[in-house]
Structure formats: C-alpha cells, structure tokens
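Biologist: I would like to learn how to read helix packing and backbone angles. Can you take me through an example?

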Amino acid sequence: MKIDSKRNFRTKWAVVTDFDGTVTLKDVGDVLLIHFKAATRKEIDLSCAPGVKMKEWMKKYFRPLKIPKKDIEAYVLASARLRGGFREFHKFCAGACVPLEIVSGGVDLYLDCLLKKWGLKVKAFYGRTRFTPKGLLVDYPCMKGSTLDAFKAARVRHYRRLGCRVAFCGDGATDIKAARAADAVFATKRLRTFCQKAGIPNRRLKNFHAVKDFILKNQELTATESEGRQKKAMESKNQLLTFCSFP
Ligand SMILES: [Mg+2]
C-alpha cells in the first residue's frame with residue numbers, strides 16, 4: 001500500500017473571534033444603548049472613528065444607564081440573534097480540540113445571559129459591569145491596561161506562539177490589528193471593507209459553517225511545512241526561556 005507522507009501531518013488551528021456583530025448578527029451593545037436611549041445612532045457611528053478608544057467609549061455610554069439588570073437581560077434575550085452555525089462550530093471546536101475564544105469589548109451585562117441561553121461554554125474575555133450610586137461602571141480587568149484592538153491581536157499572537165495557525169473572525173475597527181496578525185480572516189461589515197481596501201486577504205463571514213469547512217480543509221500539512229513550524233515554535237519557546245531566566 002502506498003503511503004502518502006504529505007498526509008501524515010496536521011496543522012493545529014485556533015480560532016479567536018469578536019462577539020458583537022460577529023458571533024451575534026447585530027452589535028448587542030449598540031442595539032441595547034439605542035433601545036434604552038443611552039446613545040444615538042450617530043454617536044454609535046462615531047465610536048468607529050479613528051482615535052476613539054473603545055473601552056473609554058463603552059465606559060462613558062454605559063455609565064448613565066439607569067435600567068434594572070433584569071430589564072436589560074430580558075430585552076437582550078428577546079432581541080439578540082446568534083450567527084448561523086456558531087452552536088455547531090462551538091461543538092466542532094470542542095470535539096476536535098481546536099481552541100476557540102471570544103475576545104470582546106462587550107460587557108457581562110449581556111454576554112453572560114446570552115452565552116448561558118445559547119449553551120456556549122467558551123473561553124471569553126470581555127468587560128465587567130457594576131451597578132453603583134455613581135452609575136453603571138464598566139471595567140476590563142482581563143486586558144490589563146491594553147487597548148481593545150491590541151489585546152485582540154495579542155490573543156491571536158498567543159496562539160501563534162503555541163505553534164497554531166489562527167483564524168480570526170470579526171466585524172469592526174477594533175478587529176483590524178488582530179486580522180493583520182492572523183493566518184486567516186473571516187470578516188464582515190467594516191472589517192471586511194477595511195481588509196479589502198488594505199489588501200488583507202479575507203473571506204466573507206456569512207456563517208460559521210464556512211469557518212468549520214475552512215479548518216477541515218486546511219488541516220493537512222506537508223512534512224516540510226510541519227517541520228518548519230515545529231522548528232519555529234521551538235525557537236520561540238527557547239527565546240522565552242532565555243528571557244524568563246534573565247536575572
Ligand atoms: Mg464587533
């Protein structure tokens with residue numbers, strides 16, 4: 001029997017995805033702010049302008065929201081829609097040991113109840129909220145002072161350092177850095193337009209079935225590619241050890 005040596009190696013993929021407008025069809029945070037009259041459509045559009053720091057923007061617009069948590073959750077649970085194929089994709093990743101994580105500028109106020117409703121047990125980074133006499137406070141302790149776009153890109157690079165190829169899915173301006181750092185990009189809305197203008201190869205994110213198919217099709221590696229990537233991962237690991245052992 002002839003053995004095809006080129007098929008003896010597998011590429012390890014990881015997936016990093018934005019949440020609002022990517023895992024969900026619409027930006028849940030934006031829809032919520034408009035519904036409860038905490039922001040106008042124009043203010044939402046301006047949040048994507050160059051120079052706007054998204055974490056600060058979220059803190060500013062969520063703070064005056066004086067709506068009980070149960071009312072916000074009820075609205076979100078009734079209105080938010082999951083993008084097609086995400087539930088299946090989530091199961092596929094768990095079964096195939098493909099790391100999947102959500103990195104979002106959104107907040108627990110709606111992410112917690114939506115992830116629970118949809119039965120998604122997935123590693124996720126997002127903002128934390130607290131109802132206080134000074135208003136609804138938003139914080140991003142997981143990002144440790146990093147900007148949102150830099151943090152998303154850092155998560156992509158994290159998996160690349162582990163020797164994975166990374167597929168990134170996103171829709172907005174804060175996804176651009178991560179898209180540049182990824183091996184494959186699934187983009188919609190603003191991110192898609194930006195990638196096309198900037199010449200960043202990307203595929204249209206219509207649903208997550210396509211992301212699954214892409215990973216299944218691109219798991220095969222030639223022996224030479226595999227050895228090259230293993231060598232590179234080992235070099236990165238050695239560099240890290242050298243750095244860590246420096247007195
Ligand atoms: Mg988004």
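This is a predicted model: local features need pLDDT of at least 70, side-chain atom pairs count only at pLDDT 80 or more; totals for chains, interfaces and linings use all residues.

Biologist: At what angle do helix 1 and helix 4 pack?

Modeller: Helix 1 (residues 28–35) and helix 4 (residues 69–79) pack at about 125 degrees. Their axes are 11 Å apart. Angles of 65 to 115 degrees count as roughly perpendicular and those over 145 as roughly antiparallel. This pair is therefore oblique. The crossing of helix 1 with helix 4 is right-handed.

Biologist: Which residues meet there?

Modeller: From helix 1, Val28, Val31, Leu32 and His35. From helix 4, Ile72, Tyr75, Val76 and Ser79. By class, this contact has six nonpolar residues, two polar ones and no charged ones.

Biologist: Which residues of helix 1 are buried?

Modeller: A residue counts as buried if 20 or more other C-beta atoms lie within 10 Å of its own. In helix 1, these are Val28, Gly29, Leu32 and Leu33. Down the helix axis, the buried residues fall within an arc of 130 degrees, so they line one face of helix 1. They pack against helix 2, helix 3, helix 4, strand 3 and helix 6.

Biologist: What about phi?

Modeller: Most residues other than glycine have a negative phi. Lys37 is not a glycine, yet its phi is positive, about 60 degrees. Lys37 sits in the loop between helix 1 and helix 2. Lys144 also has a positive phi, about 45 degrees. Its loop runs between strand 5 and helix 7.

Biologist: Is Lys37 buried or exposed?

Modeller: Lys37 is exposed, because it has 10 C-beta neighbours inside 10 Å. Lys144 is exposed too, with 8.

Key:
Residues are numbered from 1 along each chain as its sequence is written. Axes are lines fitted to C-alpha atoms, for helices over the stretch in contact, and angles run from 0 to 180 degrees between N-to-C directions. Helices (H or I, at least four residues) and strands (E, at least two) are DSSP runs, numbered from the N terminus. Angles under 35 degrees count as roughly parallel, over 145 as roughly antiparallel, 65 to 115 as roughly perpendicular and the rest as oblique. A crossing is left-handed if the near helix is turned anticlockwise from the far one by less than a right angle, and right-handed if clockwise. Two residues are in contact if their C-beta atoms, placed from the backbone, lie within 7 Å. Ala, Val, Leu, Ile, Met, Phe, Trp, Tyr, Cys and Pro count as nonpolar, Asp, Glu, Lys and Arg as charged, and the others, Gly among them, as polar. A residue is buried if 20 or more other C-beta atoms lie within 10 Å of its own, exposed if 12 or fewer, and partly exposed in between; C-beta atoms are placed from the backbone. The arc is that of the directions from the helix axis to the C-beta atoms.
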